[in-house]
Amino acid sequence: MASVLTPRVKGFHNLFRLRPHTVVVHGPAGVGKTTLAKKWMLDWTQDTLSESLNSTLYLSCKELNHQGACTFAELISKKCPDLQQAGPEILAQAQKLLFVIDGFDELRVPSASLIHDICGDWKKQKPVPVLLGSLLMRKLLPKATLLVTTRPGALRELRLLADQPVFIEVEGLLERDRREYFLKHFEEEDHALRAFEAMRSNPALFRMGAAPAVCWVVCTCLKQQMEKGEDPALTCQTTTSLFLRFLCGQFPPALGSGARQPLPAALRALCVLAAEGIWTQTSAFDGEDLGRLGVTESDLRPFLDKNILQVDADCEGCYAFVHLSVQQFLAAVLYVLDSDGQDAGDGGRGDIGDVRTLLSKEERLKNPDLTHVGHFLFGLSNEERARELEATFGCRVSLGVRQELLESLCGGNGPFSSRTDVKEVVQCLYESQDESLVKEATGHVQEVSLHLQSPGDLARSAFCLRHCRDLRRVSLQVDKGLFLENDSASEPATWEERSKHDHHTLCLWTDLCSVLSSNKNLSFLDVNHSFLSHSSVRILCEQITRVTCHLQKVVIKNVSPTDAYRDFCLAFIGKKTLTHLILEGSVHSDKMLLLLLCEALKHGRCNLQYLRLGSCSDLTQQWDDFSSALKLNQSLQTLDLTASELQDEGGKLLCSSLRHPKCFLQRLSLENCHLTEVCCKELSSALIVNRRLTHLCLAKNNLGDGGVRLLCEGLSYPECQLQTLVVCQCNITRRGCKHISELLQGGSSLTHLDLGLNPIATGLWFLCEALKKPDCNLRCLGLCGCSISSFCCEGLASALTSNQRLEALDLGQNTLGQSGLTVLFEALKRSPCRLKTLRLKTDEASARTQTLLEEVRDRNPTLTIDWKDGGATRPAYCDFPF
C-alpha cells in the first residue's frame, strides 16, 4: 500500500510531533484508509516517548449513522467508558487524545449543513454529525488530535470544517503490488500474468484494482473463466462484463430447478439494499435498514456465503458489500430486473430514484457514485448480458430500460453537446458494447470533439465513432504521454514496457483513425494542441491518403513532433477532396515543409481553395517556389499568412505573384507580417492589375500615413475591384484619414473598411464628410478604439442621417460619454437610416440613455445596437470564413 504525504513527513511520530492537530487520510474506497488509521491508533497508544499513556477514541461514521441524538459526553463515554467521569481531566490532557473519525464521507447529513450548526456544550443533546462537525471546528476539545478518513468526495467540506489539516493520500496497491497479488492467487505464473495483462488492458478496471477487494473479485472471476478455456481479455473488455461474470460465476447452473427458487428473490433483495445504500450514500446496513426495506438475513444468505456481502468488522451488527464497486454494480442490476410494471423507485423505496434521475447531471454532482451505477446500467442494457443474468438467477430481466437510456442521451442538445458530455457519453456507450444502441444514440450526431488522455479513451472513442453514421466533423486533442515513442525522458529500463504500451496504443489509434476512411460523410478534421509520435502521425496520414477518405477541411494546429507537418503535407499532395487547410504552430524555419506544400499546390488534382499558414518565418526564402505554385494553382482563392515574417522584401515578391494573370486569389491576409510603407507602392500596383482580389487585410503592420497614401492611389483606379480593406492598428493618423476620405468620395469600390485602433480622432471629420457624399459606397465602417470622444459625435450624427448606404458602424472601445451617446441617439431617432448594426462602448447606461435607446429601436426596428460587447470581438467582415 502506498501513500502520498503532504507536507512530506515520514513516520508516525514525526507526523504528529508537528502538531497539525487534524490529519485527513483520503483515497478511493477499499484502499486501506481504515487499516492505516487503526495502525496509527496502535502506535499512538504505544508511544514510548510519551510521559504518560495516550488515549484513543475510534468513531465509525457508518456506525454513528444508526445512533440518535446525544451529548458529546455520552458519545465519549459510550466509546471509552473509562473517561465517563473525567470531563475536566480530558480537557487538561486533551493533547494526549487521538480521535479517529473513520469514513467521514458516510455521514448522513446534507452537504455544508455542518458548518451552520455548531455546538460547544458537552451536555447539550445534538445529532451526532453536529457533534463531529463541532469537534472538527475545534469547538469541542480544541487541543485534541484528530485523524479523519474519507473518500475524495467529502474533501471540500472537510477543508471548510477543519483548521489547517494535513492531507495524506492513500493510493492503495501499486502496480507491482497488484501483479504480486495475481501471482499469489494463481497456481501457474503464465495464467497469473495473462490475467494481470487482461485487467491492465482496461484502465478503469486497473485503477479500481488499487483496492485489494477488487483484485480478489478480478482474480476470482478470471480464474474461473480461464479454467473454462475462455479469453480473460474479452471478460475485461468492459467493467460490466467482469462484474457480471464474477456474480454469475458464484452461482453455477444447478442440476435441478428446485435449487434455483430462492435466488430471484435473494438477488432482488440484495439489489434493493445496494441501490438504497448508493442513493443514501451508505455502505453499512443494520437490522433496522433491512426491516425497512423488507429484507431478511435469510434473503441475503446466498450472498453472505459467497462473500459478496459481509458482516462489517467496523460496525457491529451491520452488513457491507465486499467493495463499493460491487454495490454499485448490484444497484444497477435492480434497474434491469423486471418489476411487474413498477419502477425501481416505487414500492416503498422512496430513496431510490428512477433512471432519468440516476443519469441527471445534478444528481451525479451531488452523489458521484451514481455515475458508476449509470455506467454499469448501460453495460447491462446489452441483451446478451441481460440474458446471462436471467439464465443464472432465474429472474426476469426487462430491456425496457434501454429506451430510457436512449432518451437520457438524446435529451437537451444531444449526446455530444459539450466536451464533458462527450467523455461521459462515450464511456456509457462503450460500456454497453451494443452497436445498435450506439447507432440510435448517435444517429443525428454531426460533430464531436475528443480529448484523448489514455488508451482507454482511444478504445471507447473508436468504438463510438465507428457507428456515427452522419458524422461530419471530428476534433482531436491528444495529451502528452499517450504515445511514448518520442519520449526521450524515459529511463532505458522502461523501453521494453514503452514499446509494449505503444504497440497497444497504436492499434487503438489505428482503429480510431480508420473512421476517416470508413465514414463517407466525414469532411472536417481538426487536430490541435496534440502530442503525437512519428508512428501515430504516419497512421493518421495513411488514412487521409485513402481514396475512401473524403476530408474537405483540415486544421493542424500546435502539433508535435514538428516534422509531423511534413507528413501531413505529403499526405495532402494530390488529395482531390481537400479544399480548406490550416497549418499553425511549428511551421516556421522548415524549408522542406514549404517545398512539400508547394508540391501540393502545383499538383494537377489540387482543389485547395483556402490556405492559412500561421507564424511562418522562412517564407521569403522559399517565395520563388511558393510564387510559382500560386501561378500554377487555379483553385486557391484565400491565402492567410497572418503573423508570418514576410517583411517588405517578401511583400514585394508576393505582389509580383498578385500581378500575374493566372493568380486567382480573392482574399489575402498579411496581418502582422512586418510590412511598412516601403512595400505599399508594389501593393498599390498589384491592386490595379489584379481584378480578382476583393479582400485585403493589412492589420498590425506599420504602414503609416505614407503607406495609406500609396494604397489609396491604387484603390482609386477604376480597374481595382477591392471591396474589403482592413488596416486596423497600422499607425494611421489625421493625414491618412484625409487620403481615405478623398478615395471614398471618388466612387471607390470599397464597401468594408476597418480603421480600428488607429489614433484618427482628429481626422474623423474627413471621414464624416466622405460618408455624406452620394458616391461613397461604404456599407461597413470599423472605428473601434480610435480615441473618438463626445466632441466627434455631432459630425458622426450628421453623417449617419445623410448616408443611405452604411449598414454597420463599430464605435466600440471609444469613450463617447453621456453627451455623445445622446447626440447619436437623438439623430437616429429623428430620421431613419440604413444602419442595421451599431456597436458602442458604454458603462451602465443612464435612464435617459435607456429611454433614447428604446425610442431609437422603435423608430428603426431593423437596427441592432450592441452596447454590451462594445467591440470586444472583431467584426465578422474582417475575418476570412473557413
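## Salt bridges within helices

Being 3 residues apart in helix H39 (residues 847-859), Arg 857 and Glu 854 are separated by about one helical turn; helices (H or I, at least four residues) and strands (E, at least two) are DSSP runs, numbered from the N terminus. Their side chains meet in a salt bridge, at 3.3 Å from N to O. The term salt bridge denotes a side-chain nitrogen of Lys or Arg within 4 Å of a carboxyl oxygen of Asp or Glu. Arg 857 is partly exposed at 31% relative accessibility, and Glu 854 is partly exposed at 41%. Buried means under 20% relative accessible area, exposed over 50%, and partly exposed in between (1.4 Å probe, protein chains only).

This is a predicted model, in which local features need pLDDT of at least 70 and side-chain atom pairs count only at pLDDT 80 or more, while totals for chains, interfaces and linings use all residues. Residues are numbered from 1 along each chain as its sequence is written, and side-chain values use heavy atoms, with hydrogens and water left out.

## Other salt bridges

The structure holds 37 salt bridges. One of them joins Arg 151 to Asp 105, with the closest N and O atoms 3.8 Å apart. Arg 151 sits in the loop between strand S5 (145-150) and helix H7 (155-161), and Asp 105 in the loop between strand S4 (97-102) and helix H6 (128-136), so the pair ties together parts that are 46 residues apart in sequence. Asp 105 is buried at 18% relative accessibility, whereas Arg 151 is partly exposed at 22%.

Glu 542 and Arg 546 also form a salt bridge, at 3.0 Å from N to O. Glu 542 is partly exposed at 37% relative accessibility, and Arg 546 is partly exposed at 36%. A network of salt bridges links Lys 557, Glu 584, Arg 612 and Asp 640.

## Packing of H33 and H34

The axes of helix H33 (residues 680-689) and helix H34 (residues 704-715) come within 8 Å and cross at roughly 15°. Axes are lines fitted to C-alpha atoms, for helices over the stretch in contact, and angles run from 0 to 180 degrees between N-to-C directions. H33 and H34 are therefore roughly parallel to each other, a term for angles under 35 degrees.

On the H33 side, Cys 680, Lys 681, Leu 683, Ser 684, Leu 687 and Ile 688 meet Gly 707, Leu 710, Leu 711, Glu 713, Gly 714 and Leu 715 of H34, where contact means heavy atoms within 4.5 Å.

Terms used: Angles under 35 degrees count as roughly parallel, over 145 as roughly antiparallel, 65 to 115 as roughly perpendicular and the rest as oblique.
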